[in-house]
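Hi everyone, thanks for making time this morning. I'd like to walk you through one model, so let me put it up on the screen.

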Amino acid sequence: MNYAAVCRSLGGIVLLIAAGMFLCLVFGWIEGFAGIAERSHSAGMTWGSIAALSGAVILWFAGRNGPREILRKEAVAIVGLGWIAAGFFGALPFWLGGHGLGPAAAWFESVSGFTTTGSTVIVDLHAVPRDLLLWRGMTQWMGGAGILVLFVALLQQSGVGSRSLFRHESSAREEESHLAHARGTAATLWSIYLGLSVVCFLGLWILSGDYFAALTHAFTAVATGGFSPYNGSAAEFGSPAIEWWIMVFMALGGLSFMLMALVLARKWGRVREEEEGRVYLIILGTATAVVALSVWLARDDLAAADAIRGAAFQVISIMTTTGYVTENYDQWPTLARVILLMLMILGGCAGSTAGGIKVGRLILLLKIARQEIIRTFRPAQVFALRLNGRRISPGMVPQTLFFIALNTLLIGAGTAIVALLEPQFGMVDCLGAVVATLFNIGPGFGSVGAVQNFAHLGDATLMFLSVLMLLGRLELFVVLALLVPALWRR
Amino acid sequence: MKIIIVGAGEVGCYLARHFSSGGHDVCLVERSEPMARAQQDRLDVRVIYGSGSVAHILREAGADGCDLFLAVTRDDSTNLVAALLARRMGARRTVARVHAAVLRDESVFDYRRAFRLDLMFSSERLAAVELAKHIRNPDQPVVEEIARGRIELQQFPLRADSLACGKPLREIGFPDRVRVGWIRRAERNIVPAADETLQEGDLLTVFGEVELMDKYVRRLRTGHSRPGRRSVVIAGGGEIALALAQMLTACGFDVRVIEADAERVAELAYLLPRVTVIHADPTSLEALREERVGECDCFVAAMPDDEDNLMTCLQAGNMGAPDCLTVVQREDYADAIGTAATIIGIRAAVSPREAVRRDLMRFVTAKRYHVLVRLEGGAQVIHFAVRADSPMAGVPVSQLELPVGVVLVAHIHETDARVPAAGDTFSAGDTVYALVEDAALDRFSRILRHGPGV
């Protein structure tokens, strides 16, 4: 492990965070200067950006003599520590702003932002200055396509190191990229991401007439984050057209960006072979139909169109792990809630901004299951596992099974730990809190449900849940690797 | 005719012997000295020792003036390079043998044009076509595959219980590319029109695209078109098995392949997503019993070893497999297995060499056409190449003024094979297959030479 090389890269990452903060700061100054809104500027933003910039300079200075080459060990450390650093510096504006958030709560809010979870500890968002709300949205936007991916695209030189940085942060299956350089792939993904966000923003601006609401929602919809500057989330727009528009971009955010790159490159043969995206859309459609029917049958006073819109919004928001809320799904029939719980765990496609165990892994799991069932009576039969029309590497089978098993264990153990820390919680509350954070959704069930928040949780619980968020966002392995002493030896 | 053959393996030697005994000048080029010397004693051909992909060797062999250049070594690259070199030196026709994988790759890249070949063939694939013909038609006496297995011609008598008896042709509802070309009824030959009524005992000749034939011919014979799903077990997972499995799944067969090599099995499972691939030794009795080989509809032995093939076929037949086919690799065994096959219950023994020879015969004929097969009742299927100077090039089929008793069966343009329709035109380089009655043969060959209206 070369600590200097790690420090230098971390400096670059913190520099990106500082740049984001300065943009928000400038936004607040301009609004304050033009007198557009009250409470446009927060002191926390100023101190936070200064601290982040100093942090970046110190880290860069500490690593100035380090080698440029990054090897596997350093890459793992950079990804893991980079996310922790992002969470730390991102939390400073919340903490220093003096809005009643303690250090643990500020850290929780920041990690919830970068991991695009969307769980919040802020009770009254209308009391928060606008530049801080913008920063809250921006953390999700930066975390959505990946801080490290952005880092590779903008600051990192091409090489083996950028490939490992990319691999450890993104859930995309690397072999599906049609570009040779990791840097090229990263730049393509970020361009698509930026393009989608801009289109989403323009549409929202036109539909709502409010550029601030449009910007903050555009930041968090494509990123499938779910932070809204409104206490009542996306429901406060009160406009079906806006809800449909947001649905489209959440759904796109849950699709693989690699797939979109293939569409843009007009590689139709490869697009036609895409299995994961097709299954993802089928699941979205089926779940919407079942949930809409179950909600509609349970209530007499609900128009069919409203039932469909409400169900579609909630199904898309939950499956893409966004976490916007237009309906209080905690009061839906049990069938609808169980479906939502399953979608929370499942999540979107690999290589998207969504969390969860990913549709691709589910497909693979089912294929492995079929294979093992046939093997009980025909042990000599040989199978070729394919995903998206391509042969999968033999190592992916145990990795997939291990990932799913470990997540299952984590759900169980996490629920127990939350129950220990919050004795007043029911079982559904504990399970909801763990699933909502581990799979980066945001709202869970019960007392952390659709119209609730995480403000009433103790500091220890908040710290534990924020670790779950990082585990979920980085797909376990990188975070767990940080705990292995062998990584840190020279 | 001056013929150069590169590669003195099973295929090369077989072709050399065949062509030299047919009176052609054959020059055999072989890289391995012992093999080259051995052939010198056995064959009446000129043998040159050296690599076929080296220019001065080809020059020495006389590639600049040869009529037919065949590159048939085991190595794809050697064959393609040798054929291209020979073509550049002035060989009139070049043919390269490749492995079936290259043919599968043809959808991505046109090798034939890039290497300026007249023909690119895979002996494994040709053998698979031959096997598939037997498997698809377990009880048909006369079946001919045309255009390398894409179009098929069958001849069979109409039985009394067929629902088609007493119906005019147009009511049977054949698609465009499946046709009843010829009927022999009471010693008379009829080229039927749409209102011809079918009668019991008619000897029908039907041809069309392979995928459609199964369904429509069954309808003609029994009146309904739904077959049961038939199962085929292939022992051995070589290139022949792979090509065969692909053809059979395309025709709706339920295929199982048994192969002993672990790496090859993984490869097959990837290439054949709709086939059950089993990792077991196909020569072991236990493996055959495990797969209940006795209950399958057809068993094919396609391993590299002839002894293994023969023995597994016997095993399968013993277990009750109703239909056993085998591949014969070695020339030495061909005759013995061929004659003994029917006695020991093997329906057909297919030899890759023989399949290649039949496919190549059209290149070594001085006549304008080549007889593919003679049919019962005085007719034959012939095929001919449309040359650049041919009066037929560019004329629509309807204006060719074909004599009575000539039916066009297939038309190969580039890699595309189809049953010709009235509006089609032939262009230079195309190959055409026709069904010609004996009485019309002379007139037809005059048309081939001088064009319509003579």
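Chain B exposes about 19600 Å², and carbon and sulfur atoms supply 47% of that area. Keep in mind that this is a predicted model. For chain A, the accessible surface is about 19400 Å², with 68% belonging to carbon and sulfur atoms.

Now, charges. Chain B carries 56 positive and 64 negative charges, and their mean positions are 5 Å apart. In chain A we have 32 positive and 28 negative charges, with mean positions 15 Å apart.

What about secondary structure? Chain A has 21 helices and 3 strands, while chain B has 15 helices and 22 strands.

Chain B also comes divided into domains: domain 1 covers 2–121, domain 2 covers 126–221, domain 3 covers 231–357 and domain 4 covers 364–450. How far apart are the C-alpha centres of domain 1 and domain 4 of chain B? They lie 29 Å apart.

On to overall dimensions. A compact globule of 454 residues would have a radius of gyration near 22 Å, so the 23 Å of chain B agrees. Its C-alpha atoms fill a box of roughly 65 × 65 × 40 Å along the principal axes. The C-alpha trace of chain A spans about 70 × 65 × 50 Å.

In chain A, 59% of the 490 residues count as buried; in chain B, buried residues make up 54% of the 454.

Thanks, happy to chat!

Methods: Residues numbered from 1 in each chain as written. Chains lettered and ligands numbered in written order. Predicted model: local features only at pLDDT ≥ 70, side-chain atom pairs only at ≥ 80, totals over all residues. Heavy atoms only, no water. Domains from an automatic or database assignment. Helix = DSSP H or I, 4+ residues; strand = E, 2+ residues; numbered from the N terminus. Rg over C-alpha atoms; globule rule 2.2 N^0.38 Å. Buried < 20%, exposed > 50% of the residue type's maximum accessible area, 1.4 Å probe, protein only. Areas by Shrake-Rupley, 256 points an atom, 1.4 Å probe, with all protein chains shown as cover. Lys, Arg positive; Asp, Glu negative; His and termini not counted. Charge placed at Lys NZ, Arg CZ, Asp CG, Glu CD.
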